[in-house]
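I opened this entry to record two look-ups, one on the contact between the chains and one on the surroundings of the ligand. The notes follow the order in which I worked.

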Amino acid sequence: MSSRAPIEVRRESTPAIRVRHLWQRYGQRDVLRDVTFDVYPGEIYGFIGPNGAGKTTTIRVMATLLEPMSGRVELDGVDVSMDPERVRKTLGYMPDHAGVYERVTVREFLEFFADAHGIRSPGVVEAVLELTDIKRLSSELVATLSKGQKQRLQLARILLHDPKVLILDEPASDLDPRARIEIRDLLLDLQSLGKTILLSSHILSELSDICTSVGIIEQGSMVVSGPIQEIARRFAGRHGGRAAPPLGTGAESSLDGGVTQPAAAAPLVPELGPRRVVRVRVLGDLAAAAYALHGGPGILDVNVVGRSLHVGYVGGDEKVAELARYLVYRGFGVVGLEHERSELERIFLEATGTTGRGGGA
Amino acid sequence: MCAYLAELRDEPNPLWLREMRQAARVQLTPIALAALTILMTLFIGGIGGMMAAFKLSPASIGGVLFQTFFTLAYFIVAVVGPALGANTIASEREGRTWEVVLLTGMRPATIARGKFASAYTSIAIYIVALAPVGALPFIFGGVTPTEVVVAFLVLFVFALLSVAFGLALSARMQSLRGAIVVTLLAAFPLASGLFAVVGPMASTLAHRVWPGVQEGTPFWYPVAWGVAPFGREFLLFLVAIPLAVVGLPAWFLFEVTLANLSSITEDRSFGLKRWHLVAAPVTLALLLVLSGYVDSLAPSELHALVSFGFVAYAVFVIYLFATEVFGPSRRVLVDLAGRGFLRQRLAPGLAPTRRMLRLTLTLPLILVTLGWMLATPSSGLPTTRAGAHFVPTVELTQIALVGVFLAAYVEFLIGLTTFLRVRSAGGSGVRPLLILALFVTAVGPWIVGAVAGLLSSRSDPGVVVAAPSPVFLLLVTHDALVTGGALSSPLVACPLVFALLYAAGGVWLGRRATERCRAAIDQHTALLADADRRLAEEDAALERDRATNVAPHADMALRAEVDAPTEAPPSPESVADSIADVDVPPEA
Ligand SMILES: Nc1ncnc2c1ncn2[C@@H]1O[C@H](COP(=O)(O)OP(=O)(O)OP(=O)(O)O)[C@@H](O)[C@H]1O
Ligand SMILES: [Mg+2]
């Protein structure tokens, strides 16, 4: 659902983060089982999983804080268990619920970490204060900051040594919506500065707007990992078959079985992809509007649900625009259009649905 | 040294700087300091007034006030120092800032120094605040300026140890409250013991050298500075020995702190091994020197004193290294390549550690015994003491017996510990079992004998049940030898038999353990090599895909789902897992 300019992800280069066959056991329990995924330079990678799935454990291995039982993790080509010192130089890690020193000012806090990193140039603290937009707070005591401001301060801290890779464990977990949006925008800024970002969450909406790739982990196993678009295509190949028989990939149709929506016999342009649903709120006669849309090109089905129409269609955002234009042309007042689910939510449901495991923790 | 000071001035430790800034923001500190000073002044003044009311001479009042003040100050430092030290690292752990500090790439040594400096600065401020009160005894006289200055120096040095003690303990603890409670529980008895037992004992010795030093006073050291004439003994007892007695523990605590701050894949035992290589000869030298100042003991008794003293140190060191790792981690192996001879010898691992302990603990005991036997006249007139006759051959036999037994006993403890370590996965049970073994061998036989009613008389043959205990030689065998017991008599032969059993058992257990350990390391290395090979194959496959122009990621996207986790990795009895927790033993 990105309306932004496509970011440049150099997928053919060496991955910025490589996690390979990672196993971790606590007592008799395998907390991580063969976790494998790559994050490429320039990506924002969403690491999604329910509580207790093993996100923090994986992240702590990446951050050189936990020795894995087996498997290997490389950051920027360096094995984290072999050379943690070098990894620490390229990594900015924000733990979940990180603490701060309360009785120092924002500037002192950052100066301390700059000193600890051995950064000599004096402008760095100013620069990160500027970048994270907390300059006006610089002489406030850290104790007096709000949660959102503290989170910004943490981000400022991990930027001090100009790391290539940022790993954020649930960065938005206790933030209000406004602070979340601000953090999100900040992350996008950082991505445009060329940082690779991995952030974990169990809240999809937190990730859906900014991630370029996702990995879904459940009970210690990776369910799926890769760029959102690619995964979406894969799932479309498996499940979209009924609505839009894919060209030349008929083999996957054997995996069908979960979709209950009746398929319309509309003519299809198969390369347009999977069935999507858009919710359309219109003024006036809903039934008439539904009738008007029914059977249109690319429209699969139209249902009246409550005060809005649920329109199943294939195609991209142009199809939605076309649909809106058509309704307006036919004299219906369109007051709202929204996707039933974000792409990420669909992926998540499909991925976790097919594994047969429960999604909850 | 100057360069180091200059560095301190130009680039203060960031941790210290920050803690000082934080401390400066607490309004309570000056108030607490003022309150402490006032309380102490009132207390000391009150005692002085009371004594004056009893018409004591001002000089003796001054002396008593001096002792009172420094005793109080000693206990304040003994409590506040460890608490401040414990506070530093544990508060970062509890405040969830610790990992973040670690990830800045600061070396554990830098962190330890910064933390030490901040805690030490705080306690130094306390001591300085007390300084005016410490000068009060001057008003009454009877105390020289040297004494007061030296006493304050002692206080500063003691503060160093007490802060380091708290730091070393807190480096392991996760919670702040736990760290402070444990530290105080350990520090207070330790400080009281030093004050009530070690201090007076040392004063007895000092009194013998310089009669001007009062016998039985714990705080005799500053007084000795006033009365002792400069000379060999001054340098030995007032400079060299105090330096060793303070320096070794301080260094030890620093190394323990570093070990506890380092990650499990680092070589955590090297620092402590280096310390031991210095501490062992110094301890031995100290025992030998002190034995030279104990008169009225026969040669065999002096030998026993030195040997048992060294065995006490040996037990401490064996306990210290009881949780040594099986072998070096991948990372340490890479790091070790190309290092010097000594560094390679002191590599982490059970086998090298066992070798080091045998060379530095068992061997010195044998050498000391041989030397002692050479130095003891084998012929000549029998000496007498307290009615008993010491025949030189009896002395020589006794020295040899004690030396053989103790060397065998230490060898047994080394072998047993190595064996226990190999048997326990995480190394957690080794130390309790070691203590249990010590108890069973040293004290157990006596309890059994007492319960069976066999100890009523030392000449009772039933007393041999206690022969496994090292003190049997002192309490029973010696008497038996003196009263003409031959080597074949049970009271002499039994300890010898047990010595041989201990030696054989120790060697056998140690051998078995190191063999098992080697097998475990080989297995682990094979697994690592296998993992390496598989990862390399995967890389090669990926490279091929790339060459045939398939987007690698597209292929990988559902990988995890398609290949269900294939096989579980080996059980975690790996080298990395068995890296030891080196920690401070509860009772040093
Ligand atoms: N030190 C530990 N000892 C024992 N079990 C642990 C330890 N650390 C984590 N676990 C277990 O490992 C599992 C994974 O934990 P982890 O913190 O990685 O999950 P998470 O995905 O980060 O969850 P959340 O969303 O709640 O943060 C949990 O079931 C947890 O109980
Ligand atoms: Mg977590």
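**Ligand 1 and its shell**

I looked up which element gives the most to the shell around ligand 1, and found α1(A), with three residues. I note that the model is a predicted one. I then listed the 13 residues around ligand 1; those that come nearest are Arg29(A), Gly52(A), Lys55(A), Thr56(A) and Thr57(A). By class, I recorded four nonpolar, six polar and three charged residues in this shell.

For polar atoms, I checked the oxygen atoms of ligand 1. A polar backbone atom of Gly52(A) is 2.7 Å from one oxygen atom of the ligand. For Lys55(A), I found a backbone N or O atom 2.8 Å from a ligand oxygen atom. In Glu170(A), a side-chain N or O atom is 3.2 Å from an oxygen atom of ligand 1. On its own, ligand 1 has 630 Å² of accessible area, and I noted that the protein covers 62% of this.

**Chain A against chain B**

I next turned to the contact, to which chain A gives 61 residues and chain B gives 49. The two chains bury about 5,000 Å² between them, with 56% of it on carbon and sulfur atoms. I counted 10 salt bridges between chain B and chain A. I looked up the one that joins the side chains of Arg72(A) and Asp532(B), at 2.6 Å from N to O.

Key
Residues numbered from 1 in each chain as written. Chains lettered and ligands numbered in written order. Predicted model: local features only at pLDDT ≥ 70, side-chain atom pairs only at ≥ 80, totals over all residues. Heavy atoms only, no water. Contact = heavy atoms within 4.5 Å. Buried area = accessible area lost by both parts, 1.4 Å probe. Salt bridge = Lys/Arg side-chain N within 4 Å of Asp/Glu carboxyl O. Near = heavy atom within 4 Å. Polar contact = N/O pair within 3.5 Å; in protein donor to acceptor, adjacent residues only side chain to side chain. Areas by Shrake-Rupley, 256 points an atom, 1.4 Å probe, with all protein chains shown as cover. Helix = DSSP H or I, 4+ residues; strand = E, 2+ residues; numbered from the N terminus. Nonpolar A, V, L, I, M, F, W, Y, C, P; charged D, E, K, R; others polar.
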